[in-house]
Amino acid sequence: MSRAPVRILLSLALIGFGVTVMLGWILRMPLLTRWQPGWVPVVFGTGLCCALAGAALGVMAISRKQGRRVAPVVGSALLGYCALNLFEHLTGARLGIDLAFLHEWLDYGNTRPGLMAPNTSLGFMLVGTQLLLMPAVRSHSQSEAELLRGENAG
């Protein structure tokens, strides 16, 4: 049974979640940024990272060839964005990547509106690293198929 339909559904769920969160901030609709009253809202950057990761997953599920092109690009973007976000946390610098102007209308007690939590940054850095390295990794089933076809011979 093919895993593509499951991957496509997961991809759509990630994209849907990310786009919903981003629209919530753009349209100033708090219900779209947090799922329960009193919960800390999901920031725009987290929504963006979810949508990008979902798009990469979807492309890889639909076309392995295109996925090998898209995954490293999206992985690099996630890794870079989240590394800068983590840099802001560690140094107190303000690089503007948190898009604070989108978050200032909702008072949820965050001293740095729009800044992704450090653990979220680290998680997306791991996702970005995985996407960046994915084209270089061969699965066991790919290796067996190549051996049967004689592609790895001498």
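Here are some notes on the structure above, point by point.

1. **Before you start.** This is a predicted model, where local features need pLDDT of at least 70 and side-chain atom pairs count only at pLDDT 80 or more, while totals for chains, interfaces and linings use all residues. Residues are numbered from 1 along each chain as its sequence is written, and side-chain values use heavy atoms, with hydrogens and water left out.

2. **H1 against H3.** Let's begin with helices, which are DSSP runs of H or I with at least four residues, numbered from the N terminus. The axes of H1 and helix H3 (residues 44-62) come within 7 Å and cross at roughly 155°. Axes here are lines fitted to C-alpha atoms over the stretch in contact, and angles run from 0 to 180 degrees between N-to-C directions. H1 and H3 are therefore roughly antiparallel to each other (angles over 145 degrees count as roughly antiparallel, under 35 as roughly parallel, 65 to 115 as roughly perpendicular and the rest as oblique). H1 passes H3 in a left-handed crossing, meaning that the near helix is turned anticlockwise from the far one by less than a right angle.

3. **H3 against H6.** Now look at H3 and helix H6 (residues 118-133), whose axes come within 11 Å and cross at roughly 20°. H3 and H6 are therefore roughly parallel to each other, and this crossing is left-handed too.

4. **Salt bridges.** How many salt bridges does a search of the whole structure find? There are 2, where a salt bridge is a side-chain nitrogen of Lys or Arg within 4 Å of a carboxyl oxygen of Asp or Glu. In one, Arg112 meets Glu88 at 3.3 Å, N to O. Arg112 sits in the loop between helix H5 (100-103) and H6 and Glu88 in helix H4 (residues 64-91), so the pair ties together parts that are 24 residues apart in sequence. Asp98 also forms a salt bridge with Arg112, with the closest N and O atoms 4.0 Å apart. Salt bridges that share partners join Glu88, Asp98 and Arg112 into one network.

5. **Buried or exposed?** Glu88 is buried, with a relative accessible area of 0%, and Arg112 counts as buried at 14% (buried means under 20% relative accessible area, exposed over 50%, partly exposed in between, with a 1.4 Å probe and protein chains only). Asp98 is buried as well.

6. **A nonpolar patch.** Val19, Leu23, Ile26, Leu27 and Met29 make a nonpolar surface patch of about 420 Å². Nonpolar side chains are joined into a patch within 5 Å, using residues with over 30% relative accessible area and no salt bridge. Leu27 is in the loop between helix H1 (4-26) and helix H2 (30-33), and is partly exposed at 49%.

7. **Positive phi.** Most residues other than glycine have a negative phi. Arg28 has a phi near 60°, a positive value in a residue other than glycine. Arg28 lies in the loop between H1 and H2 and counts as exposed at 52% relative accessibility. Leu99, in the loop between H4 and H5, has a positive phi of about 50° and is partly exposed at 24%.

8. **Met134 and Arg68.** These residues are 66 apart along the chain, and their C-alpha atoms are separated by 7.7 Å. Met134 lies in the loop between H6 and helix H7 (140-149).

How values were computed:
Patch = residues over 30% accessible without salt bridge, like charges linked within 9 Å, V, L, I, M, F, W, Y side chains within 5 Å. Areas by Shrake-Rupley, 256 points an atom, 1.4 Å probe, with all protein chains shown as cover. Helix = DSSP H or I, 4+ residues; strand = E, 2+ residues; numbered from the N terminus.
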